[in-house]
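This report describes how paired copies of a chain meet in one assembly. The sequence and structure are shown first, and the account of the contacts follows.

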There are 6 protein chains.
Amino acid sequence: MKKIGLFPGSFDPFTKGHEAVVHKSLDLFDEVIIGIGINSRKTYLFDIEKREGHIKELFKDKPAVRVERFQMLTVDFCKEIGANFVIRGLRDSKDFEYEKSIAHMNFTISGIETVFFITDQSYSAINSSIIREIYINGGPIDAFVTKPELLV
Amino acid sequence: MKKIGLFPGSFDPFTKGHEAVVHKSLDLFDEVIIGIGINSRKTYLFDIEKREGHIKELFKDKPAVRVERFQMLTVDFCKEIGANFVIRGLRDSKDFEYEKSIAHMNFTISGIETVFFITDQSYSAINSSIIREIYINGGPIDAFVTKPELLV
Amino acid sequence: MKKIGLFPGSFDPFTKGHEAVVHKSLDLFDEVIIGIGINSRKTYLFDIEKREGHIKELFKDKPAVRVERFQMLTVDFCKEIGANFVIRGLRDSKDFEYEKSIAHMNFTISGIETVFFITDQSYSAINSSIIREIYINGGPIDAFVTKPELLV
Amino acid sequence: MKKIGLFPGSFDPFTKGHEAVVHKSLDLFDEVIIGIGINSRKTYLFDIEKREGHIKELFKDKPAVRVERFQMLTVDFCKEIGANFVIRGLRDSKDFEYEKSIAHMNFTISGIETVFFITDQSYSAINSSIIREIYINGGPIDAFVTKPELLV
Amino acid sequence: MKKIGLFPGSFDPFTKGHEAVVHKSLDLFDEVIIGIGINSRKTYLFDIEKREGHIKELFKDKPAVRVERFQMLTVDFCKEIGANFVIRGLRDSKDFEYEKSIAHMNFTISGIETVFFITDQSYSAINSSIIREIYINGGPIDAFVTKPELLV
Amino acid sequence: MKKIGLFPGSFDPFTKGHEAVVHKSLDLFDEVIIGIGINSRKTYLFDIEKREGHIKELFKDKPAVRVERFQMLTVDFCKEIGANFVIRGLRDSKDFEYEKSIAHMNFTISGIETVFFITDQSYSAINSSIIREIYINGGPIDAFVTKPELLV
């Protein structure tokens, strides 16, 4: 059976940490879908078109990577695209507790498992919400995001 | 002296994890008040009438349990109803740090102690905010909430 | 039914933090047994007779407190003395994770619940192993232990 | 070279925990700037004038302490005022993970280091957001804030 | 390329939690090697022959699972058996921090990645060292270990 | 007053993470004493002469750094050498809880404060005990220790 993993997130923006998780996943999965979750009750700093274009550009040479938007439960989207696993990165113990709850509840309602990678050491401090704060205040974000010019 | 414990929360919704905490508390307290805290600056997914009715139904056979709403400091409500203890459940270390701060500050301003139960293993991943997310997206919540039909 | 709680530990030594947990427990339980666990594979800094005498002295005016030694599973000792609950103090999130595992496993093999108090803020840093290190190096331990002269 | 440290925060309100961090910092730095960060996307409970006046009053006898407002990246403000270090207090492991990310990202974009003090044991439970909750509900906050009357 | 994962541990004993990690891994890997690490400076409660026999019995119907002993660095054993990934289970945030250090250091010296599964909720409290304590004191361990009679 | 900081540890071995903490400290302190603690109840992998020589070599061009051995309470050694502060590095939340207890207890018995630096991101996974494990098994440790040949 083909192994398909869904890497879901809001990716506002997609960081070097996210990028590394996708590269690790490619060694384990036949196909990796990067799913940009859309939540109508949230506002995003970067435009959905820009975020999608940015991620597509980063993986344009990786045919096993596909970028999709979704606006439903993550596990429902897994079923729609035939993904057997959810993929998540873990940075620190704060991440861990929250991800554990989501993984268990996802498994309970759907039987879909989550597989975790620990974020590369050099990217383990990268946090999308702090990047947004830096960006809003005119600071440089290229240490944390590849090709940030695609987001503007 | 009669031992009365207050189990406060927003219970949006009241989960199987909360339910288990009340059952454990009944072995230790003569009376357990489930206090639904109302914060006028917050919005809730489930209606206060529905939440109250739901919890009452779950404990209708337990005369030692009473369900009340309150809109004041938790420790002030304790004094109003004669509760000597606040009761809280702990799921994970993220919970713990926050609950520790609240328990210490409550004790400082009122002298009221907090007693903790660790959430049943099978319910330790249940998180009201993730339940709301599942519910909003049309997913099933009956694995996490007893008689969820009473909330609609 | 009489509410009896067992507060188990090696108490090497019994600290002001432990002392506060017993005082809190007395408001909730009819009887509190302080159980000094003896593990033949461990070595202790303070003599078992001294530790037992020290704790007895601290609670000599509290008839609801009893001090006992035990050399068996904690939950087996609970059954022997008729305790319905294990009592534990929690200082920090490191404590929490370990105590959670023990509490769940105790419940699984015996049905006995554990109830937790968060250590008083002023005693939350007190750690028996650091006290032993200070004591061995000739430092003062009276800030952490009441009547430490009884241990010598 | 003169050692100047910036202690940034929203200080809504400035607590006894914050106060202790400044006192510790004075033993290590030649000058300590307390920087009240202003974020136009946030709302504050206490007025900026009141917060500034309150902090100034608390340190009026300490010529090495200066109180300033800033509305830019923390590290940009460091450069503007010539601060070589950011100063932060740590209460618990939840704080720690977040502060670690900010400290690493600040270092990456500016080369400025962060130095940490662990909050005094007696103030380690003090949390500005819980203080605000108590204040809004008419509870006493003088156990957590020196001269709270200056904030009204 | 064939995907081979190494699940290393001392497995003293191999718990239901470990068992679940292997079953999850089988959905992702073509072959799963359970590697019993032997450290000559440690003593084990259960005999290596018994531990090996026990694990082999549990997976006798799973041809994709192989049980091996090893006495070298985990990443050196990976290379010897052709494993591309180390597999680990995560129970709680205490586990996480330690596993993160090992995973990063393993990657640094060998380029081998670690993939993580979060332990099944119902097994998340299971801890081999507490099982040993229960076993030594004559308590029942069949709630935590499948076919414990094979270990004696 | 001259600012002298003591950076205590067993340094078995002294890692690149420790090295970075000393470099950061030099920007804040006039003098940094690296104190190799000797505990007669512990055994070390690397010889004390080798450890001391190794650290001295690493800082031979830094006149503000001094390397000393000590066999007493850390705070007693501070007083002996005139250090006003203890310096510690923090890697993760597991470190944090333990360091917090030690820092509070040190302050209680001596009035000496501890100042913390967060370990450089690229060294945050480095753990002396894992390095020892790698070394014992013949693996390379030069990614974690500068000039490891000096330790042999």
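Between chain A and chain E, nine residue pairs are in polar contact, with both residues of each pair at pLDDT 80 or more. The model is a predicted one, and the values reported here are computed from it. On the side of chain A that touches chain E, strand 4 (85-90), helix 4 (93-110) and strand 5 (113-118) of chain A each contribute at least two residues. Helix 4 of chain A makes the largest contribution to that side, namely seven residues. By residue class, the side of chain A that touches chain E consists of nine nonpolar, six polar and eleven charged residues.

Charged groups also pair across this interface. Four salt bridges are found between chain A and chain E. One of the salt bridges in the model joins A:Asp30 to E:Lys3, with 3.7 Å between the closest N and O atoms.

The extent of the contact can be stated in residues and in area. Chain A places 26 residues in contact with 26 residues of chain E.

The geometry of the pair is considered next. In general, two copies of a chain are related by a rotation about an axis and a shift along it. Chain A is superposed on chain E by a rotation of 180° with 0.0 Å of shift along the axis, at an RMSD of 0.0 Å. This is the relation of a two-fold axis. Of the interface residues of chain A, 100% are also interface residues in chain E, so the two copies meet through the same surface.

| Item, chain D and chain F | Value |
|---|---|
| Residues in the contact | 26 residues from chain D and 26 residues from chain F |
| Buried area | about 2,300 Å², 66% from carbon and sulfur atoms |
| Share of the area buried by chain D | 26% from D:Leu28, D:Phe96 and D:Ile118 |
| Salt bridges | four salt bridges |
| Polar contacts | nine residue pairs, both residues at pLDDT 80 or more |

At the level of secondary structure, strand 4 (85-90), helix 4 (93-110) and strand 5 (113-118) of chain D each provide at least two residues of the side that touches chain F. The largest share of that side, seven residues, belongs to helix 4 of chain D. The residues of the side of chain D that touches chain F comprise nine nonpolar, six polar and eleven charged. A salt bridge connects the side chains of F:Lys24 and D:Glu113, at 2.8 Å from N to O.

Note on methods: Residues numbered from 1 in each chain as written. Chains lettered and ligands numbered in written order. Predicted model: local features only at pLDDT ≥ 70, side-chain atom pairs only at ≥ 80, totals over all residues. Heavy atoms only, no water. Least-squares fit on C-alpha atoms with pLDDT ≥ 70 in both. Contact = heavy atoms within 4.5 Å. Buried area = accessible area lost by both parts, 1.4 Å probe. Polar contact = N/O pair within 3.5 Å; in protein donor to acceptor, adjacent residues only side chain to side chain. Helix = DSSP H or I, 4+ residues; strand = E, 2+ residues; numbered from the N terminus. Nonpolar A, V, L, I, M, F, W, Y, C, P; charged D, E, K, R; others polar.
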